[in-house]
Structures are given as C-alpha cells and as structure tokens.
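Good morning, and thank you for making time for this presentation.

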Amino acid sequence: MDISQQLLDRSDPAFDVIVLRDLQNAYDAELDRQLINGAAASNEHVGLLNVSGVNGVTFTSATPTAADFLPKLYKAISEISSNRYLPATHVVMHPRRAAFLASGLSTSTPVFQQGALTLASGTQNGALVSSIAGLPVIVDANVPVTAGSGTDEDRVIAIHAPDLSVMEGEVRTRVLDAPLSDTLEVRIQLFGYSAFLSERYPKGISVISGTGLNEVL
C-alpha cells in the first residue's frame, strides 16, 4: 500500500499500524482463497477445488432442502473412508450454505443419534451450522458461489484434514521510501512464503456439486 509521507509523519496513532492491520487481513484472505480456489498459475497454490482425481458427488434438485442434502454429504464422507481408508474430519462450505442448512426444518430424523444429540443431524451457532454428521463445519466465504457454467452454485467439500499440510513462514513487513520519493510517498509491504500439499491424497477430498447447491436464501 502506498501512502503519503505526510500522513505517516503526522498521524497519531501512527497510520502505518492501521495499514499493516489491513494488509495482514488481506494477506490472510488471499492465502485462504488460494487454499480453496488456487489454480496453480501465477505462483498460486493448488486449491482443494482444483485437485485432480477427488471424489465427486452430485446433488441435483430444483427445490433442495436441508434434508435432501444430508444423504449427499454422507455419500461424500463415505467416499473418503472407502477410497482413502481414513475418515473424513471436516466439512467446508460457504456461509450461505451453512445458513440454509441451519434454517432447515424437517419431521424426518436419523434412526441413529450422535452422542447427546436428540432428533438432530448436527448443531448450529450464530445462525450457521457448526457440525454435521458428527464432523465440525468450517464456514468459509472463499468457497465459490458462481461454480458451474452459467450458474450460481456453491460447493461443499469434505476432507481428511491431516492430508492437507499448510507450511507458512513468518509474515514480514517493510517500508520503502525510495521508489516513490519523487512524490513524497512511501510503500508499505507485508509478505510471506507458504506451501500447500493439497495433491498428495486426492481421495481424501470429496466435492459435492450440482443444481441442489444453487442460491436458496
């Protein structure tokens, strides 16, 4: 971010603190975006949705409900156990999907209950689902909502998280005054290095797609 030398010199509290906070938030959001959607181009990581050979599950419905979605999620979970020989550990979804599922009402309930749950397939908090089928839900707004050709579908991802190692170095900052000295500006940078091992075990990832994941709220 480029700011004026005057602003840097005369602000109290120091404006660079505000800038660095914004840059840290932008850095975190970009890294998270790449872990979900990275296309392996322009130095991006290979995101979960661009790993080849993952388990695919299709959810087709013109009038989807939370109850309709559950069998597809259980299918995605079972695909990981069947093909990776290890259990799914987390479910990743967009906030709009988490809100839709949290709003669902049904008279149908699982025959088998999980722990202390009564007539429920999971839990919610803050109007978003927080667990489904006994697995914690990661709510992430970087999950795309325009997936599919000409649609507004989102995606739901089940993962065996220990397969997905993220290696991140210490985030660093620097202030450069030489490049913009002719206009009395300074350039504040925040950067870091990271690696994402997303492609080692594709069968530890299941991706649910289809018309049943169109916008519903």
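The largest nonpolar core has 25 residues, and those with the most contacts inside it are Phe69, Met93, Leu101, Val129, Ile132 and Ile208. By nonpolar core I mean a set of buried Ala, Val, Leu, Ile, Met, Phe, Trp, Tyr and Cys residues joined through side-chain atoms within 4.5 Å. At least two residues of this core come from each of α3, β3 (90–93), α4, β5, β6 and β7. The most is given by α3, with seven residues. Apart from this core lies another, of 14 residues, with Ile36, Val92, Ile159 and Leu164 among them.

A word on the source: this is a predicted model, in which local features need pLDDT of at least 70 and side-chain atom pairs count only at pLDDT 80 or more, while totals for chains, interfaces and linings use all residues. Residues are numbered from 1 along each chain as its sequence is written, and side-chain values use heavy atoms, with hydrogens and water left out. Helices (H or I, at least four residues) and strands (E, at least two) are DSSP runs, numbered from the N terminus.

Not counting residues up to four places away in sequence, Val129 touches Met93, Ala98, Leu101, Ala102, Thr123, Gln124, Val137 and Val139; contact here means heavy atoms within 4.5 Å.

Next, helix α3, residues 66–84, in which Ile80 is found. Is Ile80 buried or exposed? Ile80 counts as buried because its relative accessibility is 0%; the classes are buried under 20% relative accessible area, exposed over 50%, and partly exposed in between, with a 1.4 Å probe and protein chains only. Leaving aside neighbours within four places in sequence, the contacts of Ile80 include Asn55, Tyr85, Ile159, His160 and Ile205.

I turn to the largest pocket. Its lining comprises 21 residues, and Ala66, Leu70, Leu101, Gly104 and Ser121 lie nearest its centre. Two or more lining residues come from each of α3, α4 (95–103), β4 (122–125) and β5 (128–132). Again α3 gives the most, here with four residues. The lining divides into 12 nonpolar, nine polar and no charged residues. In this scheme Ala, Val, Leu, Ile, Met, Phe, Trp, Tyr, Cys and Pro count as nonpolar, Asp, Glu, Lys and Arg as charged, and the others, Gly among them, as polar. A pocket, on a 1 Å grid over the protein atoms alone, is an open set of points where a 1.4 Å probe fits, with protein on both sides within 12 Å along at least five of seven lines; lining residues have an atom within 4 Å of a point.

Finally, the salt bridges, each a side-chain nitrogen of Lys or Arg within 4 Å of a carboxyl oxygen of Asp or Glu. The count comes to nine. In helix α3, Lys75 and Glu79 lie four residues apart, about one turn of the helix, and their closest N and O atoms are 2.9 Å apart. Arg96 and Asp154 also meet in a salt bridge, at 2.7 Å, N to O. This pair links distant parts of the chain, 58 residues apart: Arg96 in helix α4 and Asp154 in the loop between β6 (135–139) and β7 (156–159). Arg96 is buried, with a relative accessible area of 12%, and Asp154 is buried at 0%. Arg96, Arg97, Asp154 and Glu215 are linked in a network of salt bridges.
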